[in-house]
2 protein chains.
Amino acid sequence: MSQREIAKQENRQKIKDAAANIIRREGIEKLTMRYLADIAGVSLRTPYNLFGSKTEVLFALLEDAGVLLTQGLISQSEDLAVGRLFSSLNAMEAHVRKDDEFYQTVYWGVMASDQVEIRRTGYERLIELSQGFVAEAIANKEINSDINSDEFGKHIGILLMSILGMWGSGYFGSKECAAHIRRSWCASFLTVATRKSKQHLMNEMSH
Amino acid sequence: MSQREIAKQENRQKIKDAAANIIRREGIEKLTMRYLADIAGVSLRTPYNLFGSKTEVLFALLEDAGVLLTQGLISQSEDLAVGRLFSSLNAMEAHVRKDDEFYQTVYWGVMASDQVEIRRTGYERLIELSQGFVAEAIANKEINSDINSDEFGKHIGILLMSILGMWGSGYFGSKECAAHIRRSWCASFLTVATRKSKQHLMNEMSH
DNA sequence: TAAATTTGTATAACATGTTATAATTGTCAA
DNA sequence: TTGACAATTATAACATGTTATACAAATTTA
């Protein structure tokens with residue numbers, strides 16, 4: 001990595017740190033580009049050079065937090081694919097809950113922006129992840145083999161994204177959010193579950 | 001109604017008409033307050049006097065369209081409460097589908113705003129509506145009497161609002177939106193359905 | 001080392017939502 | 001009819017996201 005690239009990364013980091021600090025300490029209303037540049041010790045132009053827009057600064061915070069990169073959180077210790085899906089939901093919840101208001105604020109900042117592309121990126125990632133789980137569950141004979149894997153996976157992913165969206169809007173906290181996701185996932189899976197996974201789902205349902 | 005009040009209502013209508021026309025003909029990006037005032041033939045101040053903010057102008061469009069006042073759409077011809085719930089979803093879909101892009105745009109304009117109160121108003125209304133249906137379904141013995149009516153009703157309402165939110169974000173159209181709502185509702189109701197409603201729900205599920 | 005290139009800075013500017021202010025107009029009540 | 005009041009207008013202003021421009025500094029490359 002060249003000197004230039006190093007300096008860039010440092011500036012990126014300074015800006016992200018400043019943004020996070022402002023949001024935490026003074027609230028997102030105070031996060032203006034001028035103030036951000038000021039606190040980060042760079043010029044107003046620099047965040048635009050390095051991120052593109054205010055929304056993309058916020059998106060970078062989310063990415064760093066790994067909220068969108070849930071792969072890393074997935075538990076390996078479950079034998080059922082369905083079980084792993086729920087574990088990853090639990091891990092996500094536990095992770096976000098430590099700093100609920102912050103994540104919620106940042107998530108909303110990204111999702112409520114008019115930059116459609118960024119939103120769509122988030123959607124696609126999580127839906128592909130869901131579809132992967134469903135495909136695995138079918139291969140595993142945890143759910144009926146006659147259902148359309150991609151379609152059902154998409155539905156599961158959309159439930160996740162939808163309810164996350166409502167969490168972002170501040171209507172409820174991460175605990176209640178996870179409960180609604182869990183409940184709707186259980187219900188959906190139960191409509192296609194085989195004997196192998198039914199018991200697990202019933203347990204999961206009773207939370 | 002006094003002259004003054006009449007003039008006010010006329011101005012409100014002129015502004016709403018102008019807003020709808022701009023959105024339809026030129027897209028919501030062109031809907032600036034200055035241009036809106038211009039097209040409506042009023043001063044820049046007037047929309048603020050009569051509505052309060054840009055978001056509230058959009059909200060008024062939604063209200064006029066009855067998207068939030070779904071009560072009027074509810075079919076009376078079903079004997080099951082659960083059946084009526086799904087009918088009202090169908091009616092809503094049919095209504096919105098006639099002008100999908102327009103409603104979607106306006107809905108998003110309202111929901112993505114930072115005016116939390118307005119969002120919450122929309123949420124509360126639909127959730128109360130859902131809770132009413134669920135209470136009725138319990139009274140009707142269509143679903144198990146040992147479940148918590150308010151809690152389950154809220155869950156149903158949240159599924160609706162969440163998925164509507166994703167529709168608003170432009171991820172899918174009203175047809176797919178309704179399909180996801182229907183599917184998730186069926187799955188949820190099936191977990192608590194009695195013999196009386198199970199068959200209906202299975203039919204509904206197969207779309 | 002010196003020119004070329006990239007990156008950041010300073011400053012101004014623009015569009016837009018929103019608010020302030022003062023003047024004007026229309027309505028209503030006496 | 002006329003004075004009081006309310007609503008509307010015209011105009012300017014402010015904050016904020018974003019872009020433009022000209023210049024300076026750092027870094028790479030020849």
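**Two chains and their interface**

Student: What rotation superposes chain A on chain B?

Tutor: In this predicted model, copies are superposed by least squares on the C-alpha atoms of residues with pLDDT of at least 70 in both. Chain A falls on chain B with an RMSD of 0.0 Å and 0.0 Å of shift along the axis. The copies are thus related as by a two-fold rotation axis, the rotation being 180°.

Student: How many residues does the contact take from chain A and from chain B?

Tutor: Contact means heavy atoms within 4.5 Å. Of the interface residues of chain A, 100% are also interface residues in chain B, so the copies meet through the same surface. The contact takes 32 residues from chain A and, from chain B, 32 residues.

Student: Which residue of chain B forms a salt bridge with Glu176(A)?

Tutor: A salt bridge is a side-chain nitrogen of Lys or Arg within 4 Å of a carboxyl oxygen of Asp or Glu. Four salt bridges are found across the interface of chain A and chain B. For Glu176(A), the closest N and O atoms are 2.8 Å apart, and the partner is Lys154(B).

Student: Which helix gives the largest share of the side of chain A that touches chain B?

Tutor: Helices are DSSP runs (H or I, at least four residues), numbered from the N terminus. Those of chain A that give two or more residues to this side are H6 (100–111), H7 (116–139), H8 (149–168) and H9 (174–190). The largest share, ten residues, comes from H8(A).

Key. Residues are numbered from 1 along each chain as its sequence is written. Chains are lettered from A and ligands numbered from 1 in the order in which they are written. This is a predicted model: local features need pLDDT of at least 70, side-chain atom pairs count only at pLDDT 80 or more; totals for chains, interfaces and linings use all residues. Side-chain values use heavy atoms; hydrogens and water are left out.
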